[in-house]
Each structure stands twice: as structure tokens, then as C-alpha cells.
Amino acid sequence: LSHVSPPLLGDQPPQPLTPPMMTSPDSPPLVSPSPCPAPPPSLPSSPVPSSPAPSTSSLPAPPSLPPTGEVMVLALGRKKQRVLIALSILPNLFLAFLLSSDPLITLSPPHHCHLPGPLPSPELLNASLPWKKGERPGDSGGLSQCKQYVNSSQSAVVDCMVGWDYNVVEGLRNNIVTEWDLVCGQYWLVPVEEVCFILGVLTGCLGLGYAADRLGRSKTLLTSLTLSVVFGVLVCVSPYPSIFIVMRFCLAAASAGVYLTLYITRLELCEPSLRLVGTMLAGLMTVAGELLLLAVALGCQSWRGLLGAGAAPLTLFLSYGIPGVFPESPRWLLLSERSLDMNSFSERRNSNRDVRDDESFTELDSEPAPSSRPHLSFPELFHSRNIWKNMCVLGFTSFISHGISHCYSSFRGDVRGTAPSFYWTYLLSVCAGGGAWLLLWATVDRCGRRGILLLSMTMTGLASLILLGLMEYLSETAITVFSVLGLFSSQATASLCILFTAEVMPTIIR
């Protein structure tokens, strides 16, 4: 007992005084032979704590924790959160006009050299145009599209001298091919435009994606929207193919920046249980935009009007720059140490009666100093082996799935030389994308991201290998079935891969 530290002041109630005992200094302490007597009857029978509760002010304050991303999102309020998610989904309806219009504006219709007369008869065509043999087995060929006889003598063949006549039966009546005669010797400009458009999307994702991580989602979104409107107008008034290709490159970069910034902002506005649903609704909105694109194309019949119908509504979304309409991503604010912007979430929480008394929001009031937060830099993150592993695996999967999906979407014929209708292939590709999103919504949260990603990638590989090695031995029905299967599974893989990557990447390099 001599080694037990004395109790602190106030830890025990005062004891009644007893007369002192005469003991020697070296004698051991006396032990009471009987237990302590019961308390007097006058004391209350209810249990009394043996020590008074220490005052709160005497205890050290717990360490302050930074507010989490979930708290920052919930500080918006449930209703405000749903409205912001809807605002991030709506622009996809018109972005589809700019990002999915290439098949319509570059479709090459049947054509032949221009002949005198309003409508040449079949006899005049046979006498003026040479016969060209088919390039595929089973293809008997047809009249040449790029050659004609000199003075109908059939003694010499020359290139078309006064232009071409087009027999437009599908798509736009006036696209860049028919307006600028991008056929025969000038047809190489069409794949150049398609490649430049894809490179523009890549440039926009890299450049504007980096800007979204460094400068903020909201600023990058407004910048991308402004550039999309400007370059959309410039594309519509392009007088020459060279200017059109350059403007399409810039428009693709700006549109990709809008799409990517909205995708990331939407994901950061959702708690984990809503991420898949929000992404699925945005994907279905893009599918609806692609269907609306075809309907508008059938109505306007002009590529300038079609692209203008997609660029003009984007001016309405510039209203997102009005303060309070579409705020900055709360998760990005949390990690970028923008204390002035974070105060707006605290003010919004104080003005919201439903969440004012929620204990989870006290983290916003105990915000630490910026110096106490963990600081993550780009070099430190890129030296992480786990981040590099995820980037390499998911990046390669995305590369393969997007490439195969593009091949299936542009599928135009089979080994027997028959070419399906453009409307059939377009609607098949769009509906396969919508079905892929519905499949992901029904299975991913139940079976996990990795399992469904592995399954869809396996289906894509099997369909591709069967068509690659056995196409000559398959029937028309089998070719169609495996083509639809490959298109469906590749689009599901591409969509899920992007969602998976956005979830596993840190916020400041997302």
C-alpha cells in the first residue's frame, strides 16, 4: 500500500474522523478485523458515485479531425445534392450531338461521275461509266464511282471531270462528303478528320483533365463549355475541309473536357451507394442524345444544322457559373485546402434546419489549420506502386475495350459482301450501349466491379476470336449474334472500366 499513489483531490468522499492510534513508526499498518459498517439510515439508499464526475473544462480537448468528403457532400442537403446530380447529367443530352456525330457527317453515299442531263438513264450510265469488278469473293462489282469514258467512246478511261452525282438514301442529304466532294482522290481527308477528332478527345481529356485537378472542377467546366460553344460555331461556318478538320479537333478537345469534368464532379457529389446509379443515368442520357441526334438528322438534312443544334443549347449551361447554381466539388475543395470556399458549406449547413443539429456536421466546425492536413503532391502519388498498377491494368483494359467497341460500331459488312443499312448499325450500336448500362446497374453492386469487368472482357475476347477465326464458316445469323455480343460486352467493359478507375484513383489525380 505504501507504493500506491495517493488519490487526486476530490476522487473520494470525506471519511469520518477517528481517534489516532498509538503505533510505532516501524509497525505494519493495522488491518480491520471486520468489514466497514453500513452507512447510517439517514443517508439516501440510491447509489451515489464514489467520485464526482470531473468537469469537462478540466479534460484536454480531443484532437480535431478534418471533415470527410461524405460530410462535405451531405452538408449540401439531400435535395440540393439530387439537384446538382441532375444538373450534371442534363448536358450529356447535347454533348452526344458533338461527340457522336462523326458517322453521320462522314457517311459516303453511292456516287458516280457527273453526266449531262438532270437524271441520266441506265443506258446512258452503262455507256458512260466503266464496270469495276468486286474486291470481295461473291461481289460481282458495279459501275465505277471514280472513272468515266471519254466522250462515251469507251476507248479511254479518265477520272471524273466535272464532279460527282450522289444518290443519298440514308443519313444526311448534305454532309461534308457531298458538299466538298471528299470521294475518290479526296477521300483520304475523311479518315484524317476521324483520326484528328479522336486525337482531339485525347488532348482534351489530358489537358482539361489536368486543369480540373489543379484549378478545380467548376472553373474547368465553365472554360470547356465556353470553348465548346465557340468552336461549335466555328465548325458550322467552316468554308474549307482543312479549316473544318482543325476546328473539329478543337471542338473535340473542348467537348471531351466538358464530358470528363461533369463525370468526375457527378461521381464526387454521390456517396458510394449512388455512384453507379448516377453514372448509369448519365450513360442513358447520352444514349437518349444519340437517338435524338438521329431524329434531328432526319429532320434538318444538313451537317451544319446538326452540329449547330448540339452547340447552341450548351450556351444555357454557362449559367452554371452563377454563384450558388453549381458549386465546386466538395471533395476537391477538401483536399485543395480552399478554406474560403469550404466556409460556404458551413454557412449552408447553418441555414439548413434539417441538418443543423446533426452531430456528424460538427467536423466542419473543427476544421484544422491547413498546415495540419496531409499534403499530397503529384510526384508522391505517381511514385506509388499501387496507383501505377491500377493505371496500367485499367488503362490497358480501357484501351482494348474502346478499340474493339469502335470496330464493332463501324461494322458495315461481312465476308459475303452484303452491307447492312446504316440506320440498322447505328441503332444497334446505340441500343447496345443502353443495354450495357442496364446490365451494369443490375449486376455490379451485387457481384462487384472486378467480377463483372472480368466477365464482360472475357465475353468480348471470345466473340472477337470466333469472328476472327471462324467468320468464313458461320452463317449470317451466327455472325450477327456474335457481332451483337461483342458490341454489347465491349461497351459494358469500356463503361465499367472508366467508373472503376474513377473510384480507385485519388481525388487530386482523378
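## Arg 304 and its partner

In this predicted model, Arg 304 is partly exposed, with a relative accessible area of 24%. Arg 304 forms a salt bridge with Glu 179, and the closest N and O atoms of the two residues are 2.7 Å apart. The pair links distant parts of the chain, since Arg 304 belongs to helix α11 (residues 303-311) and Glu 179 to helix α6 (residues 176-180), 125 residues apart. Glu 179 also counts as partly exposed, at 28% relative accessibility.

## Other salt bridges

Over the whole structure, a search finds eight salt bridges. One of them joins Arg 510 to Glu 268, with the closest N and O atoms 3.0 Å apart. This pair, too, links distant parts of the chain: Arg 510 lies in the segment after α19 (476-504), while Glu 268 sits in helix α9, 242 residues apart. Arg 510 is partly exposed, with a relative accessible area of 24%, whereas Glu 268 is buried, with a relative accessible area of 0%.

A further salt bridge is formed by Arg 449 and Asp 445, whose closest N and O atoms are 2.9 Å apart. Arg 449 is buried because its relative accessible area of 16% falls under the 20% limit, and Asp 445, at 45% relative accessibility, counts as partly exposed. Elsewhere, salt bridges that share partners join Asp 213, Arg 217, Glu 268 and Arg 510 into one network.

Leaving aside neighbours within four places in sequence, Arg 248 is in contact with Leu 98, Ser 101, Asp 102, Ile 105, Glu 193, Phe 197, Val 235 and Leu 307.

Val 195, Leu 199, Leu 202 and Leu 206 make a nonpolar surface patch of about 380 Å². Of these residues, Val 195 has its place in helix α7 (residues 189-215) and, at 47% relative accessibility, counts as partly exposed.

## Confidence in the model

The mean pLDDT of the chain is 76, and 69% of its residues reach 70 or more. Over residues 1-36, however, the pLDDT is below 50, and beyond near neighbours in sequence this stretch has nine contacts in the model. The pLDDT is likewise below 50 over residues 62-66, a stretch with seven contacts in the model beyond near neighbours in sequence. Where pLDDT is low, the predicted coordinates should not be read in detail.

Technical notes:
Residues are numbered from 1 along each chain as its sequence is written. This is a predicted model: local features need pLDDT of at least 70, side-chain atom pairs count only at pLDDT 80 or more; totals for chains, interfaces and linings use all residues. Side-chain values use heavy atoms; hydrogens and water are left out. pLDDT is the predictor's confidence in each residue, from 0 to 100. Contact means heavy atoms within 4.5 Å. Patches are made of residues with over 30% relative accessible area and no salt bridge: like charges are joined within 9 Å, nonpolar side chains (Val, Leu, Ile, Met, Phe, Trp, Tyr) within 5 Å. Accessible areas come from the Shrake-Rupley method with a 1.4 Å probe; for residues, only the protein chains shown count as cover. A salt bridge is a side-chain nitrogen of Lys or Arg within 4 Å of a carboxyl oxygen of Asp or Glu. Helices (H or I, at least four residues) and strands (E, at least two) are DSSP runs, numbered from the N terminus. Buried means under 20% relative accessible area, exposed over 50%, partly exposed in between (1.4 Å probe, protein chains only).
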